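Let's take a walk along the place where two chains of this model meet. Have the structure open and follow along.

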4 protein chains.
Amino acid sequence: MTIQVAVCGPRDCTGEDESNAREIGRLLAERGAVVICGGYTGVMAAVASGARSAGGMVVGILSRADREHAGPDLSIVIPTGVGEARNNIIVNSGDAVIVVGGSWGTLSELALAMRHGRIPVVQLGGWRLLDRAGRPVAGVRYVSSPREALAATGFWPDH
Amino acid sequence: MTIQVAVCGPRDCTGEDESNAREIGRLLAERGAVVICGGYTGVMAAVASGARSAGGMVVGILSRADREHAGPDLSIVIPTGVGEARNNIIVNSGDAVIVVGGSWGTLSELALAMRHGRIPVVQLGGWRLLDRAGRPVAGVRYVSSPREALAATGFWPDH
Amino acid sequence: MTIQVAVCGPRDCTGEDESNAREIGRLLAERGAVVICGGYTGVMAAVASGARSAGGMVVGILSRADREHAGPDLSIVIPTGVGEARNNIIVNSGDAVIVVGGSWGTLSELALAMRHGRIPVVQLGGWRLLDRAGRPVAGVRYVSSPREALAATGFWPDH
Amino acid sequence: MTIQVAVCGPRDCTGEDESNAREIGRLLAERGAVVICGGYTGVMAAVASGARSAGGMVVGILSRADREHAGPDLSIVIPTGVGEARNNIIVNSGDAVIVVGGSWGTLSELALAMRHGRIPVVQLGGWRLLDRAGRPVAGVRYVSSPREALAATGFWPDH
């Protein structure tokens, strides 16, 4: 079966996040992976745009029950109608999860992906977590470039 | 955007339902439509098999949070993890809904599609509804063949 | 544990449905049962009003993520934010399900309750179902009064 | 309407988390608030136990579609059947959210509560968040005792 990679990130993202997300979309499409995203603006639109520019397939899993505000680069649109609960569906749909940038919604997706426990979770930019003793919480694979993000999923180790 | 058609029906279906679902899948794929289904056995597997046989794209929207029991003919797998609430997501994802055969789960999808109100709902085989006065409840487009089912969606009016 | 009874029915209901729902709410409250409902108008408001008039506890499981439009007689409000998928939650929360009146949304709840398979499903008023051979579909317990509805749940056999 | 407070925390919690959760449950019940929790073990069971010891009302919003593994101190049980998506429902149901201790699931609830944006979010124990510049992310009200937790919700300012 085709590899599906969930790419998460904020609506209101930085220019760097947007550029990173577009590059990740392009790299995933070139490797034949399906991109799963939230289907709206910001990082979601950027990863969709990057993937479509390379002829890739993008699935937008929307919070709304209709297609309103869905981005123009989605190949398939899933209007879940379950609101923020759609974040769980995005995460469950990925063989790996790549998080770009930081926001509360994005953090909830990162946390759900880590809770899931069976998939690689990669973070590029965004927030850091410290435990009660002030040490970084283990588990998330922090990277510093789109190519490193793909490598860290484990599916394309040589990027 | 590509037309997405949700095809619903029971896991435990009749041979006729299965044959109808396979034919509907094939016809939809030939017309370039994306098939949305529940991703498991019975009508779901038959429509997926028909669509894939014609090179079509099939999205399986699963009740489980993982890929267990997912059928072999799905192009894209969405393991929602929301249980039977995934029926709403299947219905919301269709520009039209075609129901093949009858069961309680299938009836819930038909009812949700009718409640949705903005999409054509077509039924081939299965149960009938009477109102308090014993008259058929209006709204569902009953058909008697796969080709009529496609025509009744309104997207392919000439067959 | 306290018995929880889900009472479902349309927003736009008949006066008879409304009066039946109010009476069912009152009877359930008098028997110490918790009423689970959708929390908005029509049958939902009537059953809540009836239960509160007898000092009962009513839980409103809302489709919205906030309390807007929630009825005034709810003891506890659960704004699920999952849209129509909340119908599944209402049904799952009942030790029995009583359906009053008919609409597509109500039918979806009846169908989900029957699909659930492990709980008594009682219908007062509303639509009827025929199978492919034109015979009534088995399973739903049709009744003709609020007292019969309670008796048919099996929890209060002598009403 | 009665104040509803969502209390979140891990299944596998520390003894201190458990003792804090029990005390929070007791204090909330004494103030007439309804406790909303996840309904299983760890912090969820502790807050339920504390609330029931003071005669309070506790709603358990379960991930499963049935009552299996539900704790013994729940007044009302809502078996959502939507899996981890139930975390959103817990958060939406609170007029305030108190998080006790740290885990990925708990962090997802904290993040969803902060994303919600309209309710006070209080944390006792658990993880800390740093932004890209290494500064604490603003918004969460960190406290160091159960009484401070209640005060920080804003509903009982003088505790």
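Strand 7 of chain A and strand 7 (residues 128–130) of chain D run antiparallel and are joined by three bridges; strands are DSSP runs of E with at least two residues, helices are runs of H or I with at least four, both numbered from the N terminus, and two strands pair if DSSP finds at least two bridges between them. Within this pairing, A:Arg128 has D:Leu130 as its bridge partner.

Do keep in mind that this is a predicted model, in which local features need pLDDT of at least 70 and side-chain atom pairs count only at pLDDT 80 or more, while totals for chains, interfaces and linings use all residues. Residues are numbered from 1 along each chain as its sequence is written, chains are lettered from A in the order in which they are written, and side-chain values use heavy atoms, with hydrogens and water left out.

Now step back to the whole contact (heavy atoms within 4.5 Å): chain A gives 28 residues and chain D gives 28 residues. Together the two chains bury about 2400 Å², with 63% of that on carbon and sulfur atoms; buried area is the accessible area (1.4 Å probe) lost on putting two parts together, summed over both. More than any other three residues, A:Trp104, A:Arg115 and A:Arg132 contribute to what chain A buries against chain D, supplying 32% of that area.

A:Arg132 also forms a side-chain salt bridge with D:Asp17 (2.8 Å, N to O). The rule, a Lys or Arg side-chain nitrogen within 4 Å of an Asp or Glu carboxyl oxygen, finds four salt bridges across this interface.
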